[in-house]
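Subject: Structure handover

Hello,

Here is the structure for you to take over. Please open it first, then read the notes below.

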Amino acid sequence: MFDEAANTTSPAPIRGCKGYAPRLLAILGLALQALAGATAAAAAPVGAAGPPPLAPLGPPPIPLDNKQTPEKIELGKLLFFDARIGGDASTGCSTCHEPGQGWAWAEDFSRGYPGTVHWRNSQTVINAAYYPRLFWAGSSSSLEDQASSAARGGVAGNGENDIMEARLALIPEYVKRFREVFGTEWPLIRDAWRAIAAFERTLVQRDTPLDRYLLGDRSALTEQQLRGKALFEGKAGCLQCHNGAMATDFSYHNIGVPPNRRWEEDGLAQITFRFEQYAKGQTEEGYRSAKSDWGFYYRTKNRWDRGKFRTPSLRYTMYTAPYMHNGVFYTMEEVVDFYNRGGFDEEGRTTPFPENKSRLIRPLGLTDEEKEDLLAFLEAFSGEEILMDPPELPEYAPLFTRQELMEARK
Ligand code: HEC
Ligand code: HEC
């Protein structure tokens, strides 16, 4: 599954020690949280001591142990589009990260492995290279690690390492390419994750109206967008969390997103929902009572983390609707209305954990015109759509010719 709890090779989740330690840690945590709240509140009027400003995006960081080469990137591209990297060879990365759907999946919940539906919204892989931690609750720490859990997760790729590796060995073109790129006699599955990650590090969109404006082209934003930018940084308070070059603080907040009703109405969604609770190490009581995704809680097991999710980048969002971890908002208008009401949807629903809701989320009092200005500015984060045709994939071939087999028999 898409989290450490179900992935034996990932680092163990952060847990408290036995005895009094958890209670002590809890008290300490609450005190820290109160402090954090206080500093955040103090920083609310955006000024010199406020959050980092929006900034143009530079090239993505490249890990020293997985350098980019054209051959590796090309191999990664083939593997990203190849559904044989997965359980029954039907569901590969591009199945849920379709270039034409914002390199994501345009439904509230992602499609799942055949016979399942996922429980979270599929994230775009565009600009994923910049996140220090991946997934809605930040449970993965590198693209290499992420690719492995995606290909193996039960409602995602549902693949087994040995089978996927065996399939690669049966495709001569891959054997040749892995040998050239990684120097191994046969393809190793962990090198597949490295190649995929290298390909993902090329999926970057940093030529946007906002970048051009920040780099000095004052005509890159319209008058309306400039008014929206001022609201974003001021009255609407977005910059408090969506800041810096990626328009995110890379931190976790509960902003009041209400649960997705599909968990009550759709049997398949309900099954995945319960399965995920279990797989992520939910308590028995939580397993029985949970009606929503507890997000960051699954990693820390602290109750004040219930309903917190990683602040997503606002880059490329023109192409990645629906929005939020559970895809409850289908348009950017709905998102802006949600924030304007102080973190409530149009029926007045909010998070089941209001005690954890960020104090930065409060009614904004934006007029209709101001909402339009803000929406116009949000478009400046996206730039051109990145489209790509799926490459032609190499074919299987028998490992030995008939002749060789006959000779081996002698
Ligand atoms: C069945 C659908 C599905 C498949 C198959 C799938 N993904 Fe995903 N992907 C998702 C969903 C849903 C999420 C968000 C999951 C979460 O946060 O728990 C996600 C998240 C991600 C992220 C994190 C982006 C971010 O902003 O943190 C990356 C990167 C990614 N996928 C790449 C891949 C790669 C590479 C593969 C193939 C090895 C793959 N995915 C296969 C559905 C899928
Ligand atoms: C307290 C921090 C915080 C503030 C302030 C904030 N956001 Fe967010 N934003 C988040 C988090 C966290 C999420 C993800 C929440 C979830 O999925 O439950 C999010 C999600 C979003 C998304 C969805 C992106 C996607 O890929 O699904 C958009 C769009 C967005 N915010 C825009 C804004 C705008 C516009 C403002 C100002 C009116 C704003 N945000 C203010 C933290 C914040």
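Of the 410 residues in the protein, 43% are buried. Buried means that 20 or more other C-beta atoms lie within 10 Å of the residue's own; exposed means 12 or fewer, partly exposed is in between, and C-beta atoms are placed from the backbone. The model is predicted: local features need pLDDT of at least 70, side-chain atom pairs count only at pLDDT 80 or more, and totals for chains, interfaces and linings use all residues. Residues are numbered from 1 along each chain as its sequence is written, while chains are lettered from A and ligands numbered from 1 in the order in which they are written.

The protein has 16 helices and two strands. These are DSSP runs, numbered from the N terminus: helices are H or I with at least four residues, strands are E with at least two.

The core

The largest nonpolar core holds 80 residues. Such a core is a set of buried Ala, Val, Leu, Ile, Met, Phe, Trp, Tyr and Cys residues joined through C-beta atoms within 7 Å. Leu79, Ala147 and Phe232 are among the residues with the most contacts inside it. Helix 7 (residues 189-200) gives the largest share, eight residues. Domain 1 (53-58 + 207-379) and domain 2 (75-205) both contribute, so this core lies between them. The domain bounds come from an automatic or database domain assignment.

Another core lies apart from it, with five residues, including Phe109 and Trp119.

Leu374 touches Gly228, Leu231, Phe232, Ala236, Val336 and Leu366, leaving out residues up to four places away in sequence. Contact here means C-beta atoms, placed from the backbone, within 7 Å.

Helix 6

Helix 6 (residues 172-182) has four named buried residues to look at: Tyr174, Arg177, Phe178 and Val181. They span an arc of only 100 degrees around the axis, which puts them on the same side of helix 6. The arc is that of the directions from the helix axis to the C-beta atoms. Exposed Lys176 and Glu180 sit on the face turned away from the buried side. The cover over the buried residues includes helix 2 (70-80), helix 5 (161-169) and helix 7. Just after helix 6, Gly183 takes a positive phi of about 75 degrees.

The two ligands

Ligand 1 is surrounded by 29 residues; the closest are Cys93, Cys96, Leu134, Phe135 and Ala150. A residue counts as near if its C-beta atom, placed from the backbone, lies within 6 Å. Helix 4 (143-152) gives the largest share of this shell, five residues. By class, the shell has 17 nonpolar, ten polar and two charged residues. Ala, Val, Leu, Ile, Met, Phe, Trp, Tyr, Cys and Pro count as nonpolar, Asp, Glu, Lys and Arg as charged, and the others, Gly among them, as polar.

Phe135 lies in the loop between helix 3 and helix 4. Phe135 has a positive phi of about 85 degrees, although it is not a glycine. Phe135 is buried, with 21 other C-beta atoms within 10 Å.

Ligand 2 has 25 residues around it; the closest are Cys238, Cys241, Val257, Tyr323 and His325. Its shell has 16 nonpolar, nine polar and no charged residues. Helix 14 (residues 332-340) gives the most, three residues.

Pro322 lies in the loop between strand 2 (309-310) and helix 14. The peptide bond from Ala321 to Pro322 is cis, with omega near -5 degrees. Met324 lies in the loop between strand 2 and helix 14. Its phi is positive, near 80 degrees.

Best wishes

Methods: Two residues are in contact if their C-beta atoms, placed from the backbone, lie within 7 Å.
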